[in-house]
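Please keep the sequence and the structure open as you read.

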Amino acid sequence: MGISLARLESNALRELALILRQDAKNKHLSNVTVTEVRITNDLSYMTIYYTFYQGKEENYQKALEDCKGYLRSTLAKKLNARKMPELIFKRDTSLDYGNHINDLIVGIHKHDKELKEKQEALGIKEEEEK
């Protein structure tokens with residue numbers, strides 16, 4: 001990935017966030033947070049990763065798909081792009097994955113604590129390391 005492509009992705013991320021927050025007529029779009037933008041090397045496709053805080057995923061996906069043309073044309077004007085890639089919207093699941101991992105870690109700690117309490121109740125002591 002070249003510097004100009006990385007810069008274009010960064011600028012697109014910033015501009016999309018502004019467009020969604022300020023120009024959004026649909027209430028679902030104002031609740032969308034753009035987390036990442038990836039553009040193919042040939043500038044054919046721009047994958048936009050987004051997340052939201054409440055509501056159903058289908059509502060947000062539909063709202064984004066419905067205003068895809070508006071977002072693409074507005075973004076092209078703001079970026080002064082000669083060629084504007086096709087927009088693809090994907091939900092960013094990294095936050096959900098991080099929460100799942102955190103829940104697993106908390107569960108392990110809870111299980112360890114319960115195991116120690118049971119061992120103490122039975123009078124079993126842990127072996128000391130040599």
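## A strand residue and its neighbours

T47 sits in strand β2, which covers residues 45-52. Strands here are DSSP runs of E with at least two residues, helices are runs of H or I with at least four residues, and both are numbered from the N terminus. The model is a predicted one, in which local features need pLDDT of at least 70 and side-chain atom pairs count only at pLDDT 80 or more, while totals for chains, interfaces and linings use all residues. Residues are numbered from 1 along each chain as its sequence is written, and side-chain values use heavy atoms, with hydrogens and water left out.

Is T47 buried or exposed? With a relative accessible area of 14%, T47 is buried. The cut-offs are under 20% relative accessible area for buried, over 50% for exposed, and partly exposed in between, using a 1.4 Å probe and protein chains only. Leaving aside residues up to four places away in sequence, T47 touches E36, V37, R38, I88 and K90. Contact here means heavy atoms within 4.5 Å.

## Salt bridges

How many salt bridges does the structure hold? There are five, a salt bridge being a side-chain nitrogen of Lys or Arg within 4 Å of a carboxyl oxygen of Asp or Glu. As background, side chains of opposite charge can pair when their charged atoms come close.

Two of T47's contacts, E36 and R38, pair with each other: their side chains meet in a salt bridge at 2.8 Å, N to O. R38 is partly exposed at 43% relative accessibility, and E36 is partly exposed too, at 31%.

R72 and E86 also form a salt bridge, with their closest N and O atoms 3.7 Å apart. This pair links distant parts of the chain, since R72 belongs to helix α4 (residues 68-79) and E86 to strand β3 (residues 86-91), 14 residues apart. Both count as partly exposed, R72 at 31% relative accessibility and E86 at 32%.

Another salt bridge joins the side chains of R14 and E15, at 3.9 Å from N to O. Here R14 is partly exposed, with a relative accessible area of 44%, whereas E15 is buried, at 14%.

## Helix α5 and the residue after it

Helix α5 runs over residues 94-122, giving 29 residues. From its first C-alpha to its last, helix α5 reaches 42 Å, close to the 42 Å expected at 1.5 Å a residue. That expected span is 1.5 Å times one less than the number of residues. Just after α5 comes G123, which takes a positive phi of about 80°.
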